[in-house]
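Hi,

Here is the structure I said I'd pass along. Have a look at it first, and then read on for what turned up.

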Amino acid sequence: MILPADLDALHGRRAARWIRESTKAQEDRYGPDAQREHQGRAIERHGLIDTGLVWQVAHSGRTVDQTAEWAEMLAHAGRGYNVLVVAYVSRFARNVEALARTIRQLHAAGTAVYFCDERLLSSDEQHWDWYMREAVEAESYSRRLSRRVREGYESKWRRHRDPGGWAPLGFRREPEPPRRLIIDPGTIGLAVNLFERYATGTVSMADLAAETGVHEDAIREILCHPIYNGWVRRRGEVDRPAPWRSNPPVSDELCERVAQVRAAKVRGGGPHRWERVDILSGLLYCTCGRYVRRDGSGRGRNGRRWHQRYHPDPCARWGSVHDARSGSTPSQSRLSSEGLTSASQPLFRSSRPYPQPCRSRMT
């Protein structure tokens, strides 16, 4: 289909809508409604046919072109719609390169983009300067804002040991500057209860989500967050003790127990790394008959890679036949139901087949 040369040529063409907010919290508020109103008025004003196709996403405008919604929108161009209606240029994307590339792809598919608030049409040569200028300003604003937020967080971290950002469940910010993070007596009990219930090992995160109404992803973040144990964390920095470290909501013992339960439920994941082959994987057993699991890997000071191992349900025999520091005590474990030979003992010891020492806090 020939692209519309101006706004008068939009009449009778099929329209789809693109709605974007930066975060999920904004998506749940008033932002999308305002965009829908702009789009509805534009469709009526120009006599477009509303196909009902809508792509709504909560994602940063700088990387929105990497989302599944963006790819699906491109896939339907020219087949499901001929005009993509967007409320503002900044709601389409805050990435000049991605915006220009995508518009070229849409044009190749016989589809134009209409920006409602500015009343700009991507296929109108007279509008090109305007919407590209808007795109540059949108990305420039995003970069300035990101830089200022980052500087503000860094300053708060240096001065107050505060990681910045949203307060997690059980915490709130002081009403007056510098608005430091403090414990919220009204909600901290719910967060502690999540730790206590999960530490029993009888419930899953999905069970806790059903019981409490807290989303499963949020529960996962809470159980991994060191702030409940009295530590504040910032990416790229060393963890620092929080003001409540001397009396944290979650004790070291409870924190360690939750970490153990989580480790026992790990099922692995991620791409296979061929340079990290564990030759004993799936072959190592305790004398009690239980399979000994692998719990991550690392590289020692001598550059040799090792694999940590732990017993999913420790028994007295497992602890009695291993020297947790050197692994030099003869092992009574068996490999594929066969005893280890003297030639394989050094390899067995180098892989550190003994329980991982307890840590005082989560990492």
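To start with something you can check on screen: which residues in H3 meet which residues in H5? On the H3 side they are Trp-70, Met-73 and Leu-74, and on the H5 side Ala-98, Thr-102, Gln-105 and Leu-106. By type, the residues of this contact split into 5 nonpolar and 2 polar, with no charged ones. Bear in mind throughout that this is a predicted model.

Now the geometry of that pair. H3 covers residues 68-76 and H5 covers residues 96-108; they pack at an angle of about 25 degrees, and their axes are 10 Å apart. Angles under 35 degrees count as roughly parallel, so H3 is roughly parallel to H5. The H3/H5 crossing is right-handed.

Thr-102 deserves a click of its own. This H5 residue has a relative accessible area of 1%, and the cut-off for buried is under 20%, so Thr-102 counts as buried. Leaving aside residues up to four places away in sequence, Thr-102 touches Trp-70, Met-73, Leu-74 and Phe-92.

Next, the cores. The largest nonpolar core has 27 residues, and Phe-195, Ile-219 and Tyr-228 have the most contacts inside it. Helices H7 (188-199), H8 (205-212), H9 (216-224) and H10 (252-264) are the elements that give two or more residues to this core. H7 supplies the largest share, 7 residues. If you want to see the surroundings of Tyr-228, display the residues it touches, again skipping those up to four places away in sequence: among them are Pro-168, Leu-169, Phe-171, Ile-188, Ala-191, Phe-195 and Ile-222. The list also includes Pro-248, Pro-249 and Val-250. Another core, of 25 residues, lies apart from the largest one, and Trp-18, Trp-70, Leu-84 and Ala-135 are among its members.

How far apart are Asp-6 and Asp-124 in sequence and in space? In sequence they are 118 residues apart, while C-alpha to C-alpha they are 5.4 Å apart. Asp-6 touches Asp-124 and also Leu-121, not counting residues up to four places away in sequence. With a relative accessible area of 33%, Asp-6 is partly exposed.

Cheers

Conventions
Residues numbered from 1 in each chain as written. Predicted model: local features only at pLDDT ≥ 70, side-chain atom pairs only at ≥ 80, totals over all residues. Heavy atoms only, no water. Axes fitted to C-alpha atoms, helices over the stretch in contact; angles between N-to-C directions. Helix = DSSP H or I, 4+ residues; strand = E, 2+ residues; numbered from the N terminus. Parallel < 35°, antiparallel > 145°, perpendicular 65-115°, else oblique. Left-handed = near helix turned anticlockwise from the far one by under 90°. Contact = heavy atoms within 4.5 Å. Nonpolar A, V, L, I, M, F, W, Y, C, P; charged D, E, K, R; others polar. Buried < 20%, exposed > 50% of the residue type's maximum accessible area, 1.4 Å probe, protein only. Core = buried A, V, L, I, M, F, W, Y, C linked by side-chain atoms within 4.5 Å.
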